[in-house]
Amino acid sequence: MCGPCRWVATADNASFVTGTVMGMCGRYATSRSNVDLSALFEATDETDGLEPDYNVAPTDQVPVVRVSQSADGRVLSSARWGLVPPWAADLKVGARMINARSETVAESKAFAQSFAKRRCLVPADGWFEWKRGDGKDKQAYFMTLGDDEPCVFAGIWTVWGKGDDRVLTCSIITAPAVDDLALIHDRMPLMLPPSRWDEWLAAPVDERLLAPTPSEHVARLELRPVGARVGDVRNDGRDLLDRVPAPALRSSDVEPIDLTLF
């Protein structure tokens with residue numbers, strides 16, 4: 001469903017090998033402009049502009065908001081999705097590092113330093129999950145707060161390389177799904193309401209940083225069934241977010257298929 005990628009879940013991330021989809025296949029949408037995002041987050045824009053992407057996939061460039069000492073405040077940056085630790089031999093490892101689990105991010109060799117010192121916000125229109133129905137059918141869902149408010153994920157970042165080869169990379173923190181999101185999949189991005197943005201960016205390390213997304217914030221999400229075209233990373237466009245008919249979600253439904261990023 002997602003082309004020639006195969007993802008096999010591990011404790012902290014997913015492992016990439018050639019083949020077919022069997023584990024996690026990341027997709028989300030981000031369409032807000034650099035002007036809109038820099039205003040929303042009161043951040044200095046250091047991007048060269050942002051293009052809408054309604055089918056973001058691992059290793060794509062994505063907007064992030066982070067704190068920069070040189071800018072003395074928040075900056076809006078473009079980062080390669082899939083964190084590449086400074087000690088990695090090359091950028092290829094980033095395809096396996098799109099997620100950092102909240103349960104282990106503070107101790108993980110790959111993620112701990114970034115969690116301690118380099119946290120960021122990852123704005124999105126929403127994210128996709130797949131749920132298996134009767135038989136082999138899989139239904140895609142788009143989780144969104146609507147057009148007027150972004151979903152903001154907790155993220156971490158680092159820089160790989162030296163000199164002109166320096167590349168800013170990032171990962172998204174994931175956590176056990178809460179409330180109705182568990183009807184679709186057992187994990188979710190750690191989504192932060194505005195009241196937690198400052199703390200995530202600048203507070204000292206504390207277990208409270210990884211507290212679950214508040215239920216009242218999750219309750220505002222629309223769990224929108226969408227068409228199967230989003231499963232192919234070659235497809236893009238706002239029509240990928242269009243609602244399609246689908247059976248109502250029920251707690252007794254078949255378990256979700258692991259075709260997701262989170």
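A residue counts as buried under 20% relative accessible area, as exposed over 50%, and as partly exposed in between, for a 1.4 Å probe and protein chains only. This structure is a predicted model, in which local features need pLDDT of at least 70 and side-chain atom pairs count only at pLDDT 80 or more, while totals for chains, interfaces and linings use all residues. Residues are numbered from 1 along each chain as its sequence is written, and side-chain values use heavy atoms, with hydrogens and water left out.

**Overall architecture**

- The protein chain contains four helices and 15 strands; these are DSSP runs numbered from the N terminus, with helices (H or I) of at least four residues and strands (E) of at least two.
- Of the 262 residues in the protein chain, 54% are buried.
- Among contacts with a separation of 6 or more, 66% are between residues 24 or more positions apart, a contact being heavy atoms within 4.5 Å.
- The protein chain has an accessible surface of about 12,200 Å², and carbon and sulfur atoms contribute 49% of that surface; the areas come from the Shrake-Rupley method with a 1.4 Å probe, and for residues only the protein chains shown count as cover.

**Salt bridge between Arg 32 and Asp 125**

- The whole structure holds 11 salt bridges, each defined as a side-chain nitrogen of Lys or Arg within 4 Å of a carboxyl oxygen of Asp or Glu.
- One of them joins the side chains of Arg 32 and Asp 125, at 3.0 Å from N to O.
- This pair links distant parts of the chain, 93 residues apart: Arg 32 is in the loop between strand S3 (28-30) and helix H1 (34-40), and Asp 125 is in the loop between strand S9 (119-124) and strand S10 (126-132).
- Arg 32 is buried at 18% relative accessibility, and Asp 125 is buried at 7%.

**Salt bridge between Arg 220 and Glu 149**

- The closest N and O atoms of Arg 220 and Glu 149 are 2.3 Å apart in their salt bridge.
- Arg 220 lies in the loop between helix H4 (215-218) and strand S15 (222-226), and Glu 149 in the loop between strand S11 (138-144) and strand S12 (151-160), so the pair ties together parts 71 residues apart in sequence.
- Arg 220 is partly exposed, at 43% relative accessible area.

- Arg 229 and Asp 239 form a salt bridge through their side chains, at 2.7 Å from N to O.
- Both residues lie in the segment after S15, so the bridge between Arg 229 and Asp 239 ties together parts 10 residues apart in sequence.
- Arg 229 is partly exposed at 41% relative accessible area, and Asp 239 is partly exposed at 40%.
- A network of salt bridges links Glu 222, Arg 224 and Arg 243.
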